[in-house]
Structure formats: structure tokens, C-alpha cells
Amino acid sequence: MFFLELIAQSLVQGSIYALIALGLTLVYGLLRILHVAHASLFTLGAYVGVLTYNATGSLALTLLAAMLVSGLSGVAMFRLAYKPLLKQPPHVALIASIGLFIAAEECFRIAFGASGLSFTNTPLQGQVRIGSLQFKEAEIAVMLGAALILGVLAWLQSHTRVGIACQATVSDPQMAESFGITLNTVRDLNFLVGSALAGFAGVWVAVLNNLVEPTMGSVPSYKALAIIVLGGMGSVPGTLMAALVLGLVESFGTVYLGKVLDRNAIAFAFLIVVLMVRPQGLFAKK
Amino acid sequence: MHQRSSNLNTAQSLLLAAAFFGTSGAALADIKVGITVPSTGFAAADGKSALDGAKLAIAQANAKGGVKGEKIELVVYDDQASPKEAVPAATKLVEKDKVVAAIGGSYSGATRASASVFQAAQVPYAVAYAIHPDITKTGDFMFRVSAMGEVQGRAGAKLVNDLGKKKVALINIKNDFGQSLAAGFKEGAAKFGLTIVGEHEYSLQDRQFGALIANLKSQDPEVIYASGYFYTAGPLVNQLRAAGVTATIIGQEGYDSDKFMEIAGPASEGVLVTTSLDRDSSNPATKAFLADYKAAYNAGADMVAAATYTATQVVIDGLNKTGGKGGAALRDAMAAGTYDSPIGKLSFNDLHEVKKDIQVQIVKDKAFRRHSIISDPVLLAPPSKSSK
Amino acid sequence: MDYEISLLTTIGISIMFALSLNLITGFCGQISLGHAAFLGVGAYTSAMLTKAGLPFLLTIPASMALAGILGIIVGMASLRVRADFLAITTMGVVFLFIGLVRQQEWLGGEMGLSGFPDSGLGKTGFMLLTLLLAALTAAISLYIQKAWIGRVFSGIAEDEDTMRVLGIDVPSYKLAAFAIGTALAGAAGALYASHLKFIGPDSFSFVESITVLSMVVVGGIGSVVWVAIAAAVLSALPGWFQFIGDYKLLVYGGLLFVMMRFSPHGLAGMVKALSSKKGGAQ
């Protein structure tokens, strides 16, 4: 029973990680940039989510608003920050991204206050029993939502012109253009989708914790980096699996190894061990 | 010739300046009191409360004419609740701003770091709510107005006993705050014959406690003694109740903020906390503070604000007695005083720890109300110099 | 004067720390996001040894040795993984370091270490030592840059595969870069501990690694002089910026971003661009 609960918790964590890491892997796969600032879109989604829900009471509207704002902000980040730096060595974009991330967190703090925001009436707090396990409705929702969205994305990537073109832009830009889709459109699309997902994840974390803080993106930012490395950078299915694996490792790790290492250390210890054994990542195709 | 005359001019101007400041200096120069708070970083919320509490005390003192007619100036430095930032902040206060006293409005780690700087410079440091034992052990210029971690922990154990329960699970936040509370609790638990069925830890940044809660459920405790701050305790308590855990939850002053109820929602009902601020207090100093704070900031005061206000009061009181001078005279004045503060009647022992009761508050209808008072001078005796 | 001495000491340590990273990342092109761990190793080593009674000056070589050995281990990890992966692996090293230190009571655990004996040099003496070591680090860096080893480093940074083809033992050189860079960071760590008189796991977080990397990048990767200047400015900045108090992190983040966006080669790049413009105009 305890075991099952841990697995259930891992799935919830893993779903959230997957949603955040996906945007990161899309960007990396396309541009080879470590988009640290991605996590600030997660936080942005959470803030927009709380504000919208407190104002309207509609979860659907909230999710839409958060995804839209985050998605568009992501595209803006690309246009303003990364596009001009594409020809520079990778560390330039990395530091720029870090600077952007720090500045963003501070903007959140200055704009919304240091103590954070909460829902006046948190949605989906009811209990759901599945067998011997007890979940919050929100936990079920985030797992289902993640599965649905990621499933759709995976399907789109392999079955539509846009999707295949996206994949092609990495390996063969000319061919992508022949599909009638320009390089720039693909890039914008990648950022749009990835950032929207981060915003979506942000809303759910806000619902689960009932607390949105300016620094809530810090930990996800580097966890997501660890995940995309584990998953074999650029691979969507790989990232998904890695996210779930990390959820499992963290849950079981904190219970059994908690006295020796803390949660983050466990995650990174796992990463380092994996990389030493398989330097290309757990699920890389090559 | 040319060189000499310019030297003379410089010397003349210096003399003039010295005279100017010498005579009228006393009226012009403010009395500088420093404060270290986490204005940015993860503890920024508490930093704001602390600063607001201190500012209120200073404003009230200045309105009454300051210290012997001179206004008190509060020099604020942000230490981000990090020891790394605290040391330069404290150093600047001592060396650059030359403050006569300082107030510690930050967390334990940062305060410990600042403490050694102030002690070395012989600047009295009144610590508001950092509870680590080493702070006062740093030296005799250190003062603490809140109950230490160990003392609070013992009080927590007594509370469990008073409630008639025996099986306790501990959830400790992994920092010096959590560690000292846990140490005190375990000491008290031994005295009262409580059984600790499990001990769990979590990090400052954790907000999701799924695995921890699953583990805890399997231990079936009657009471959960959980340390943390409102931004960790809020989600924790919410998730505990959501997972079907019905055990009584006891927290400490880290929970002491209206934000806790906001975050935890209905799950916060019935949570007990050991703290220093009694919202239902009949003590005039407390009532006045709560009212003044609300009027000044349009927000309810929390323990951090009350403690920092008190620490500031202690400093101002001491300054009034020494006429604005610092150093050993100020230290002695502060040590000898008794204070009627928002967090109770205070007096210091020889280690400059306070001897006072612990308030127990319970969350009822989304507000902290009085539950009981733990008053046991023997149990709650803070360490003194001899027991070092 | 006291305050200025403290400040100069802090600046000296930062310069040393930044230049040590410059060797690994700047000269040899290995992006390390874990450099704070080596500062930490040096600091803890020195603190523990002084507590055990060893005179401070003797702890410096010990800190260097330990940090250097760990640096080689981490360097060996760098041999296995590609550049981007390396950045994240090194990031993991910091978390691992802090995570381990936090749980060890004998290292002070959560609460960290304090009350370890002074360097015995007095404030001014210590400052002079720090500045001396910083200058030494700069001298070593400049020497390496001009020497054969430095050319190999920059060759590896630019095109690793070609270097391999040329018969260069790339792995050994990478390890050498790590060893030297981390040993110097260890020395900086010893100074850091003695200066602050208080160290805890929080002093060596991922944020520290980012800060020192920013100093290297803002200065201009590879440029010894400009990295030193950037380190001095960025470490003194918070002090000057107290008046913007609430906004200082915002300014810092913005600065990093603007710098990278408009002058990716850092200050060194800006200076080069300006002087070539002048040259062109003439």
C-alpha cells in the first residue's frame, strides 16, 4: 500500500516534470540552447493562473490564459534574446538565459510581492479514491492532462506535416522549407508550444500547492535540465520517460536515502551515475 | 609657495569642517541603528515583516522625540537570509555606517554569521526571531528576544503531553531552525514519555510532500510535530489533510502568519502552533502593537514583525538609558532592562536569553486564537552561561 | 579604512576564484557549472584543519591538493560526456557536494562551521596575502596562456577533434586544466573561509557557480585581465548598489542579459571593438 502510494506520487511529480522539461527539450533539440529561463514561463503561468481564476472562477479560462501568456512570452524570449545569439558559442546564450531568469524572478517578486499569491477558492481539492489510494482531484487532473497533451504532441510530431517539418529542421533545414514551412515559423512554434506547456504546468502546481512564489521556478529549472540530459537531449519520448524515472527516483530516494542526501542531491547523483554509464543519456536513440 | 598654500587651505577647510561638525554635530548627526533583514531571496516575505516591525518601533520612538532629542536612523542591509551575504552586510554596518547597535531581523544561519562580526566590534545585537543556540553563545553583546529552538521544542513536547497523546511523528525542515526544534522536542519527549514513531526531513525549497506523507501514513501517529515556515507548512498541512491524515498537527512560530491559513485553506483549522505572539492577549503592549501595526501597514502583524519590533524596542530603551551611546554601556543597559513587549514581559538571563512563557495558538475560523499558555520555568529555562 | 580592507580582501578572493574558472572554461573551453563545489572543498578543508590546530598558511596547500584531486575526478567525468552534458553534470556536482555536506554532522551539517581559528595575520596582513595570491593566479594564468600548454588548451577549446587527430593527448590536457583550475579554487576557498569566519552548505550553492561563471563570461572568456576586472567589479557591486537595495538582483540579472546580448565577448570584446573602430577611423 505504501509502495503503491509512492508510485502514485511519482507519477504526479513525473507528470509535472514532463510538462516543464518538454519545452526545454524542444528548444534544445532545435537550437542547442540550454533555455534556463524556460522555468520563468512556468512561474508566469502560475501567476496568470491564480489571478485569472480568482477573477473569473473558470478553470478552463484560467488554463487557456496561462498557456497563451506563457506561450507568447516564450516566443518573445526567442525573438528578443536567442535569435540574435544563434551564431555565438553556446555559453553566451546560457548566461543570457540565466540573466533573463534572474531578472524575471525579481520582476515577479517586485510586481506580486514576496509572500506569494494563493487562490481564494482553490479548485479541484476534492478527494478521489482509486482502490486503496487517495488522490486530490487536481492530482488526477494533472496526470491525465499531461498524458493527453504529450500523447497528442507525439502523434503530431510523427503524423503531420508540421510535426515532421519540425523534426526535419534539426537535421535537414532545406527539406523542412520544402514542406512549405519556414525555419523561423518552426522555431516560433517550438517556443510557443513548449512555453505554453510550462505555463500549463505552472497552473497545476499552483493548484496543488495553493502557493505561487517568485522563486518557484528555481528548482524546476535545473531539474528540467537534468531531465533533458537523462532523456537524451532533443528526444521527446526520451524526456517523458526520464521525467517519470526521475519522479520515481526522487520519491523512493527521499524515503530510503533521505538521511544521506537531500532530494536534489539524489536527483543529480542519479544523473551523474547514469551519464557515467551511458554518456548519451538513458533514452537516446544513438 | 604654491604647494604650501594649498596645503594650508586644505588644513583650514578640514579644521572648519571639524569645528562645524563638532559643535553642531550633536544635533545634526542621527543615531544610527543597523538592521539585517532578508529583503530579497527566498525569505523576503519574512524580511518585509521584520523590517516593518522595526520601522514601526523606530517611527514611534522618533515621534516621541527620539533619544534625548536626536532622531534614530535605521540603516537597513539586505542579507538575503544567507550567511554569505550577512557577513559583508554586518561588516558594512560596523565599519562603514558605524552603528551603535544592531537588530537581527533574519534567519538563524545569516544571524549567526553576523553575530560574530558584531561581537568582535562590540556592537550590541538584538536578535528578533533567529533561534539557533550558537547565536547568544557568540558573546555577551548578543541578545535574543525570542525563545530558543530547544526551549520551543521542549514546550512542544509538553503540549503533546498536555493533550494526552503519546505517538508522535516528527517532520523537520532541514536547516538549523528545524534541527534545534527537533533536538528540543526529543529532549522533552524523553521527559514526558512520548513515543516518536518516525522522523522525516524535507528541504527549504520542497513544496510537494507526497512521498514523505505516504511514508508517514504508514507510521500512524497521533500527533505530528512539523517544523517549517508558512510557505512550507502551508502546502504541507494542506497535503497532509488531503491525504487523509487526521492526526493533530503542531507547528511553531514559523507558521505564525496569516499567509499560512491562506495557503493551507480549510486544512489549517485546528492546527496548533507554539509561538510568541498571542492575538487574543489582554496585555496592553500586545494590543497596542497589533492595532498600530494594522493602522500603519493595513495588514495583520505576524510573529516576525512582533519579535523584530520588540528587539528594536530593547535597543531603543537601552539607548535612552545611555543617552545614545553604544558599546559596553549600551550592552549593560539592555541586559538590565525589563520590557513590556508585544511578545510578553521580558527579562534576560546571564546568557541574554529571555525567560518567558510560550504561547500556544490554534487556528479557528482562519485566524490564530489563543489555545493555552505553557508556563513552566524549569522546563522552559533557557541555557545560562554556566550550562554552556 | 577597515571597511575598505574587507572589501579589497573580498575582491581579491573573487578575482582568484574567477581566474581559476577562466583556466578551465576560458582557456580550455570546458563549461563548468560546478566550480562552487571546489571553493567549498577548499573552504571546508581549511576550516576543519585550522580547528584541528594546523596554522592557517599550511592549510592552503592542503585545500589546493584536495580540491585538485576532486577536480581531476570531475574532469574524468568531463572526458565521458559532450560539452552541453558537461555543463549539467558539473551542475550536478555542486548539488551532490552540498547534499552530502548537509548531512554530515562532523562537517557542521546544516548549521555549518564557525569559530575556527583566525589566520593570525591581522586584517591588513590577510588582505595583502589575498591580493598577493590573486596576483599570483593572474601571473600563472598569463604564463599558461603564452606557453605551449595554453596553446593546446585553446586548441582543445576550439576544435577538440582536430587536436586529437594531431596526436595530442586531449584527455590529459583537459584533466590538467581541471586540476590546476580547481586547485586554485581550493586555495581561494581557504581564504574565503578565513575571511568570512563562517561557512555553511549555503555558501557554495549553484548560485555561486553561476556568479563566478558570469564573472568569466562578462569579462570575456579567456582574457585574464578583463576577467579579473569583471570579478572585481561584480563582487564589489552589491556594496555600491545598496542604495538600489531592493532592485539589485534585478539589475544583476539584467546586466548579465544585456552584456551577453550586446557584447557576447564580454568587456574584452567591447574594448577590442572600440579600439579597432578607432584604428579604422585613423
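Reader: How many helices and strands does chain C have?

Author: In this predicted model, chain C has twelve helices and two strands.

Reader: And what pattern does chain C follow along the sequence?

Author: Reading along the sequence, the pattern of chain C is α-α-α-α-β-α-α-α-α-β-α-α-α-α. The radius of gyration of chain C is 19 Å, close to the 19 Å that the globule rule gives for 282 residues, so chain C is as compact as a globular protein of that length.

Reader: What does the C-alpha trace of chain C span along its principal axes?

Author: About 55 × 45 × 30 Å.

Reader: What percentage of chain C counts as buried?

Author: Of its 282 residues, 57% count as buried. As for contacts in chain C with a separation of 6 or more, 81% of them are between residues 24 or more positions apart.

Reader: What should helix H4 of chain C span, at 1.5 Å a residue?

Author: Helix H4 of chain C covers residues 83–103, and its 21 residues should span 30 Å. The end C-alpha atoms of H4 of chain C are 31 Å apart, which agrees.

Reader: New topic, the neighbours. How many residues of chain C are in contact with chain B?

Author: 20 residues of chain C are in contact with 23 residues of chain B. On the chain C side, helix H1 (residues 2–27) gives the largest share, four residues. By class, that side of chain C has five nonpolar, nine polar and six charged residues.

Reader: And how many residues of chain A are in contact with chain C?

Author: 35 residues of chain A are in contact with 33 residues of chain C. Three helices of chain A, H4 (90–112), H9 (218–230) and H11 (263–277), each supply at least two residues of the chain A side. H4(A) provides the largest share, twelve residues. The chain A side divides into 28 nonpolar, four polar and three charged residues.

Reader: Back to chain B. Which domains does its domain assignment give?

Author: The assignment gives domain 1 (27–147 + 283–355) and domain 2 (150–275 + 360–387) of chain B. The C-alpha centres of these domains of chain B lie 27 Å apart.

Reader: How many residues of domain 1 of chain B are in contact with domain 2 of chain B?

Author: 18 residues of domain 1 are in contact with 17 residues of domain 2 in chain B. The domain 1 side divides into nine nonpolar, five polar and four charged residues.

Methods:
Residues numbered from 1 in each chain as written. Chains lettered and ligands numbered in written order. Predicted model: local features only at pLDDT ≥ 70, side-chain atom pairs only at ≥ 80, totals over all residues. Expected span 1.5 Å × (residues − 1). Rg over C-alpha atoms; globule rule 2.2 N^0.38 Å. Buried ≥ 20, exposed ≤ 12 C-beta atoms within 10 Å, placed from the backbone. Contact = placed C-beta atoms within 7 Å. Nonpolar A, V, L, I, M, F, W, Y, C, P; charged D, E, K, R; others polar. Domains from an automatic or database assignment.
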